[in-house]
Amino acid sequence: MIYATLAEVKEHLRYEPSDTSNDATLSAYLAAAEQAITQYITDTVTDDMKQSLKVATLLLCGYFDIDRNAEQDRPELVTMSGLPYSVQLLLTPYRKPTAV
């Protein structure tokens, strides 16, 4: 599922739209962010969720871009799910807890 575009990621991260030197890396971040979000949420995606999913995607791409080593350098940024707090905050309403 596509939650954001490469152009939106570049704008969010303040990359020049004409600079394509990082497009492959940013596309990988975008794909990984969307996959992580899709795996985390349990609800079926509806139109009213899309704005939160887009923001979560952009934040996660920013996390991948800026905080590449956060687990080592700033462990307080990472939750038990492995997602940054701001991303988890946006996604929690769309996840049903699993009892083991």
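I started with aspartate 43, which counts as partly exposed at 21% relative accessibility. I call it partly exposed because buried means under 20% and exposed means over 50%. I noted at once that this is a predicted model.

**Entry 1. Aspartate 43 and its partner.** Which residue forms a salt bridge with aspartate 43? I found lysine 96, with the closest N and O atoms 2.6 Å apart. This pair links distant parts of the chain, 53 residues apart. Aspartate 43 sits in the loop between helix H2 (23-40) and H3. Lysine 96 sits in the segment after helix H5 (85-91). I then looked up the accessibility of the lysine. Lysine 96 has a relative accessible area of 52%, so I wrote it down as exposed.

**Entry 2. The other salt bridges.** I wanted the total next. How many salt bridges does the count come to? The count comes to 4. I looked up lysine 54, which forms a salt bridge with glutamate 8. Their closest N and O atoms are 2.7 Å apart. Lysine 54 lies in helix H3 (residues 50-66) and glutamate 8 in helix H1 (residues 6-12), so this pair ties together parts 46 residues apart in sequence. Both ends came out as partly exposed: lysine 54 at 23% relative accessibility, glutamate 8 at 26%.

I also checked aspartate 47 and lysine 50, another salt bridge. Here the closest N and O atoms are 3.2 Å apart. Aspartate 47 is exposed, with a relative accessible area of 65%. Lysine 50 is partly exposed, at 42%.

**Entry 3. Helix H3.** I tested the length of H3. Its 17 residues should span 24 Å at 1.5 Å a residue. The expected span uses one less than the number of residues.

Which residues of H3 are buried? I listed Ser52, Leu53, Ala56, Thr57, Leu58, Leu60, Cys61, Gly62, Tyr63 and Asp65. I kept one rule beside this list. An α-helix has 3.6 residues a turn, so residues three or four places apart point the same way.

**Entry 4. Aromatic rings.** I searched the whole structure for aromatic pairs and found 2. One of them is tyrosine 29 with phenylalanine 64. Their ring centres are 5.9 Å apart and their planes stand at 50°, so I call the pair tilted. Tyrosine 29 is in helix H2 and phenylalanine 64 is in helix H3. They are 35 residues apart, and the pair links distant parts of the chain.

Is tyrosine 29 buried or exposed? It is buried, with a relative accessible area of 15%. Phenylalanine 64 is partly exposed, at 23% relative accessibility.

Phenylalanine 64 also pairs with tyrosine 63. I noted 6.1 Å centre to centre and 55° between the planes, again tilted. Tyrosine 63 is buried, at 8% relative accessibility. Ring pairs therefore link Tyr29, Tyr63 and Phe64 into a cluster, given that rings pair when their centres lie within 6.5 Å.

**Entry 5. A charge over a ring.** Where does its charged end sit? It sits over the ring of tyrosine 40, 4.4 Å from the ring centre.

Notes
Residues are numbered from 1 along each chain as its sequence is written. This is a predicted model: local features need pLDDT of at least 70, side-chain atom pairs count only at pLDDT 80 or more; totals for chains, interfaces and linings use all residues. Side-chain values use heavy atoms; hydrogens and water are left out. A salt bridge is a side-chain nitrogen of Lys or Arg within 4 Å of a carboxyl oxygen of Asp or Glu. Helices (H or I, at least four residues) and strands (E, at least two) are DSSP runs, numbered from the N terminus. Buried means under 20% relative accessible area, exposed over 50%, partly exposed in between (1.4 Å probe, protein chains only). Rings of Phe, Tyr and Trp (its six-membered ring) pair if their centres lie within 6.5 Å; planes under 30 degrees apart count as stacked, over 60 as edge-to-face and the rest as tilted. A charge sits over a ring if NZ of Lys or CZ of Arg is within 6 Å of the ring centre and within 35 degrees of the ring normal.
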